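This briefing goes through one protein chain, topic by topic. Keep the sequence and the 3D view open while reading.

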Amino acid sequence: MKYLLLSLTLLSVWSCSDKTNFVHHSHPVPREFFQNTYSIHEIDTRNKIDILWIIDNSGSMDSIQKNIVKNAELFMKEFIKSNYIDWKMGLVSTDRSELPYLGFDQPFNRATVDPVTLFKAKVDSLGTNGDASEYVFHNIYRNIMNPGPIPFLRGNSHLAVIMVTDEEEQSQEMDRTLYEVNNFYAAMRSMISPLFKMRFYGAINAKELEQCSAYAMDYAESPFEKVIGLTNGFVVSACKPDFGEGLASIGKDIASLLEYPRLLLSERPRVETIKVSYKGQILEPGRPEEGGYWYYDDEFNMIVFYNLNFSQDFEADAVDVKFEINDGEIRQ
């Protein structure tokens with residue numbers, strides 16, 4: 001009988017001790033790691049921008065056109081120096097009887113050889129013998145709606161329009177309803193996907209702008225001011241002898257429309273373990289001025305690149321991503 005009692009007592013002790021730290025031991029959950037290779041094409045860049053120039057080619061525009069030619073490189077350097085901005089440009093005049101000058105019959109984009117020289121030549125070819133009436137809104141609309149051999153808008157890109165003139169907008173003479181500013185804005189906005197941005201800029205001769213004549217047109221409350229305001233753009237003075245700085249600021253702002261390239265992750269990482277590499281070389285996190293290339297966006301669980309300038313071949317290149325999965329386990 002005493003052996004039976006001893007056995008029951010020991011069994012009871014073992015059963016209770018299984019819940020204590022002295023007898024029961026729980027092994028840590030093994031670490032789980034994520035590793036994947038992403039082609040550059042898999043990175044969501046939203047890096048396309050369609051840029052339309054509309055330049056007045058009436059008799060008084062000679063000096064302004066020459067300024068654009070002189071400073072074209074300052075404007076275009078933002079696009080040329082980056083290999084991830086997928087840009088295309090078009091050039092039309094304010095003469096309602098003319099065909100486009102550039103970007104509608106043949107591509108003018110980042111694949112174009114020596115784009116600055118070609119752009120300068122096309123601006124030069126505008127001349128100053130165009131219609132004395134400036135149909136800015138009309139020529140923007142008709143050339144995008146009836147683009148000829150090559151549709152100008154790609155559908156999955158941002159749109160920037162640069163209006164260059166020294167006269168008032170006169171499209172309402174043709175269609176008062178369509179070219180009323182709010183209606184024109186709505187018509188243009190409807191051509192762009194809601195995921196992408198549209199912005200209008202002006203390089204204009206108007207009395208309120210720097211070094212312009214008191215006899216120039218009024219910019220305040222003009223259709224130009226209204227459509228630029230609706231799209232969060234800005235205007236620069238076309239009256240300065242050298243307005244390259246203004247064109248450069250427009251170029252920089254257009255480049256800023258593009259969102260940073262991002263890579264959406266399928267698992268949550270332990271942030272401190274993320275490793276991003278390209279051709280075996282680690283791409284450090286942090287801002288470019290600090291030697292970095294990317295940061296982690298916790299809200300949307302994605303790696304965001306400041307640029308993709310490290311890539312030598314967008315068609316063939318890839319990045320490798322590795323990290324420890326954040327599974328909620330606390331490990332020593």
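K279 is found in the loop between β8 (275-278) and β9 (281-282). The model that places it there is predicted. The points below start with this residue and then turn to the chain, its cores and its helices.

**Two residues with positive phi**

- K279 has a phi near 50°, which is positive although the residue is not glycine.
- K279 is exposed, because its relative accessible area is 53% and the cut-off for exposed is over 50%.
- N232 also has a positive phi, about 65°, and is not a glycine either.
- The loop that holds N232 runs between α6 and β6 (235-237).
- With a relative accessible area of 57%, N232 is exposed.

**The chain as a whole**

- The chain contains seven helices and twelve strands.
- It has 332 residues, and 47% of them count as buried.
- Of the contacts between residues at least 6 apart in sequence, 77% join residues at least 24 apart.

**Nonpolar cores**

- In soluble globular proteins, nonpolar side chains tend to be buried together.
- The largest nonpolar core here has 59 residues, and those touching the most other members are I51, W53, F75, I254 and F305.
- Helix α2 (residues 62-80) supplies the largest share of this core, with seven residues.
- Another core, of 32 residues, lies apart from it and includes I54, F104, Y141 and V227.
- Beyond its neighbours within four places in sequence, F305 is in contact with I43, Y260, P261, L263, V276, L283, Y293, W294, F310 and V319.

**Helix α2 and its two partners**

- The axes of α2 and helix α7 (residues 244-256) come within 8 Å and cross at roughly 25°.
- Angles under 35 degrees count as roughly parallel, so α2 is roughly parallel to α7.
- The α2 and α7 crossing is right-handed.
- On the α2 side, this contact uses I68, N71, L74, F75, E78 and F79. On the α7 side are G244, L247, A248, I250, G251, K252, I254 and A255.
- By class, the contact of α2 with α7 has nine nonpolar, three polar and two charged residues.
- With helix α3 (residues 115-126), the axis of α2 comes within 9 Å and the crossing is at roughly 150°.
- Angles over 145 degrees count as roughly antiparallel, and therefore α2 and α3 are roughly antiparallel to each other.
- This crossing of α2 and α3 is right-handed.
- The α2 residues in contact with α3 are Q65, I68, V69, A72, E73, M76 and I80. Those of α3 are P115, V116, F119, K120, V123, D124 and L126.
- Ten nonpolar, one polar and three charged residues make up the contact of α2 with α3.
- An α-helix has 3.6 residues a turn, so residues three or four places apart point the same way.

**Helices α5 and α6**

- Helix α5 (residues 181-189) packs with helix α6 (residues 223-230) at an angle of about 40°, and their axes are 10 Å apart.
- That angle makes α5 oblique to α6.
- The crossing of α5 past α6 is right-handed.
- V181, N182, F184 and Y185 of α5 meet P223, K226, V227 and L230 of α6.
- The contact of α5 with α6 consists of six nonpolar, one polar and one charged residues.

**A helix that is largely enclosed: α4**

- Helix α4 (residues 136-145) is largely enclosed by the rest of the structure, because nine of its ten residues are buried.
- Which residues of α4 are buried? They are V136, F137, H138, N139, I140, Y141, R142, N143 and I144.
- Their cover includes the strands β2 (48-55), β3 (86-93), β4 (158-165) and β5 (198-204), together with α5 and α6.

**A buried loop residue: I85**

- I85 sits in the loop between α2 and β3.
- Is I85 buried or exposed? Its relative accessible area is 3%, so I85 is buried.
- Not counting residues up to four places away in sequence, I85 touches N47, I49, E78, F79, R110, A255 and L258.
- R46 is 39 residues from I85 along the chain, and the C-alpha atoms of the two are separated by 9.0 Å.

Technical notes:
Residues numbered from 1 in each chain as written. Predicted model: local features only at pLDDT ≥ 70, side-chain atom pairs only at ≥ 80, totals over all residues. Heavy atoms only, no water. Core = buried A, V, L, I, M, F, W, Y, C linked by side-chain atoms within 4.5 Å. Buried < 20%, exposed > 50% of the residue type's maximum accessible area, 1.4 Å probe, protein only. Helix = DSSP H or I, 4+ residues; strand = E, 2+ residues; numbered from the N terminus. Contact = heavy atoms within 4.5 Å. Axes fitted to C-alpha atoms, helices over the stretch in contact; angles between N-to-C directions. Parallel < 35°, antiparallel > 145°, perpendicular 65-115°, else oblique. Left-handed = near helix turned anticlockwise from the far one by under 90°. Nonpolar A, V, L, I, M, F, W, Y, C, P; charged D, E, K, R; others polar.
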